[in-house]
Amino acid sequence: MKFKKRVSKITLFLILLVVTISCNTTSVNTNNTDSGSHPKLILTKQGVNNIRKHLGNVPIFDKSLAETKAEIDAEIELGIQVPIPKDLSGGYTHERHKKNFVVLQKAGVLYQILNDEKYANYVKDMLFAYAKLYPTLPVHPQTRSYARGKLFWQCLNDSNWLVYSAQAYDCIYDWLSKEERDILENDLFIPFAKFISEGNPQFFNRVHNHSTWGNVAVGMIALVMDNDELLENALNGLKTDNLTTGMRDNDGGFIKVEGLRLGFFGNLDEPFSPDGYYNEGPYYQRYAMYPFLIFAEALHNVKPELKIFEYKDGVLLKGVDALLNLSDKNGNFFPLNDGQKGMSYYTAALVSAVDIAYHYGGNNPELLSIAKKQDRVVLDDTGLAIALGIKEGLEKPFEKKSINLSDGKNGDEGGVGILRNKDLELVYKYASHGSSHGHYDKLSFSLYENGNEVIQDYGLARFVNIEQKGGGNYLKENKTWAKQTIAHNTLSVNGENHFQGKFAIGSKHHSELYFYDDKNPNVQIISATEVNAYPGTEMLRTFALIKDEDFQRPFTIDLFKIKSNSKNQYDLPYYYLGHIMKTNFDYTAFNQLNALGKKNGYQHLWKEASGKPSDNNTVFSWKNNNLFYTLTSTATNSDELILGRIGAHDPNYNLRKDPTLIIRRKNTQNTTFASVIESHGSYNPVTELALNAYSSISDLKIVIDTDNYTAVSITTTKGTSKILIISNKDNSKDKNHTLKINNKNYTWVGSYYYN
């Protein structure tokens, strides 16, 4: 450790020495006759001067600079590699070109900050290598994408390359001669920009995270070159695209939808709600926030008259706050829709997002605490602002509270609610479909404690950038399992998917918020309805996260009310993680496993065991991360209790072999599932002591269930009683209610009562 610290100090000393000498030395590039106005996109001349003045006195910035310098120096030593493209994600050529654009951008920044021509020459030489290669390239040989790139198998990654390379070009623009710039623009940048736009309108002219990258790529290089035509295409889309309505991408999403605004502004208008929620979900919001924010910063610097950070009531800055709230206690994003578990706000895209939001969003001191955890900053004005704020000790904790984020352009297409109490977080999804990355999972939920999954959302079926698994791309199981209704903690009716599993239907509908209330710190509650997933069947699901002195930790009440015009089979799974401790029902474990069904995701579930309720309550306990959990549910005579496991019909082992408990209610028309999920006790493997390993509930009962009201009572092992009453028809906050249950009158105001 002492050696590392000494090296870091030496590196910093050398950086400061280089800056000091360079700032007093005239550039030796005699080809430069242009007084110039670059850099101007992300770095600016004034910003560079300000950064240089503070070097050596802003620890987190200095650390980030030293790490970047060490990385790029190693790349320069390795030499430039620009291979002929041939691989999918994870393959050598893909990963090399991917690394090149990151290295280009960083080297350009180092040239500006350190004024060392070594970095300018490196950027120039690599760009000229690409300028020589690009005109010779056909479309990529891999045919998997609906929009094949040239450097990469899809235009999306080509756009990544241009977003970063445009920043590198901006950094050395004035250093290059006009003749050199002409070669780069005519042989590389202009053909590149036209290929991903005019050459691929199905990629460029749509509303999707793909097209956001495409729009920004063209817009960034347009700003560097002062190319108004390209900039107009980037901001507002191509005027003519010859696309037909109904075209689809590889995920089944619509490419052309009549009436949508296109271009960068269209991608700001349509997917973002007024609260900053992005309809594809947090995983892809994280991915899209980098181009959204980096282009916004460039527009702010070059086209300040657009007032881009004020657009749609500051939706981009709201998007950063929403995204941070869509993460668990450890900073991992909730894997809603297609989302990879483990992606977090420690990713480079969120380092950039936090820095930009702080600098342009009023210097919110809570963002400094996130940046301090990230332990690095972007090497520009925004990163310097963060570094100065941290140095001055201005940070405050980023406090995550219960929050309800609306979905849809106007905030009227459902949403995502997050209930928080102490270390527990419940995520409730009642949103729109979520574009082609959406899942068929209306009214689904997941539960976390201390940042660990208790009841999981499966997320996506993909090994991102791992070549051995489908070239690092989406696996077929993403469609046959991960998107299916039964793969989620929500209701499946008659073994069918919501909206028949058809994107064309699902994309037209969304669930509706019934009520949300977080005013009482002891009772955080949310309720939503879904009436279109299964025509003729209405669903109302309510979650309450309750802190009560009779329970060791906050507990969850789950009320799922179904009203249908016919009798059905209802399957309600709980994808718990951990090891079963005890059940109060007998079950038969099968020696020979069979899949639970033949389609709609059921073909991927092994039926390991089956039982029937032995009491009015079903009690199921398990241990996970050395904590105990118990699910207590009201039971009926028609219930079958299925212990299942993911992994059937999975010959390539693409799926995780995770367990589930499915409550199956057969031949039933109208019904209500009432459940309580408790976190309790602990196990210490060192002392080998199990504390409070049993549930605190002795009885759970639905005491009234009418069209107007549903009430559930909880009797604890201490002999105390609790009751939660939901008004099913009137969600007015000001409505007075009086209800008699078991000869006792309950009076309250609002949508619910708890005591």
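Analyst: **A residue and its setting**

Beyond its neighbours within four places in sequence, Asp241 is in contact with Pro201, Asn205 and Lys256, contact meaning heavy atoms within 4.5 Å. The model is predicted: local features need pLDDT of at least 70 and side-chain atom pairs pLDDT 80 or more, whereas totals for chains, interfaces and linings use all residues. Numbering starts from 1 along each chain as its sequence is written, and side-chain values use heavy atoms, without hydrogens or water.

Asp241 lies in the loop between α10 (228-236) and α11 (263-269); helices here are DSSP runs of H or I with at least four residues, numbered from the N terminus. Asp241 counts as buried because its relative accessible area is 14%, the limit being under 20%, with over 50% exposed and partly exposed in between (1.4 Å probe, protein chains only).

Its side chain makes a polar contact with the side chain of Asn205 at 2.9 Å and also reaches the backbone nitrogen of Leu243 at 3.0 Å. A polar contact is a pair of N or O atoms within 3.5 Å; within protein, one must be able to donate a hydrogen and the other to accept it, and residues adjacent in sequence count only if both atoms are side-chain atoms.

Elsewhere, the largest nonpolar core has 126 residues. Such a core joins buried Ala, Val, Leu, Ile, Met, Phe, Trp, Tyr and Cys residues through side-chain atoms within 4.5 Å. Helix α12 (residues 282-302) gives this core its largest share, 13 residues.

Terms used
Helices (H or I, at least four residues) and strands (E, at least two) are DSSP runs, numbered from the N terminus.
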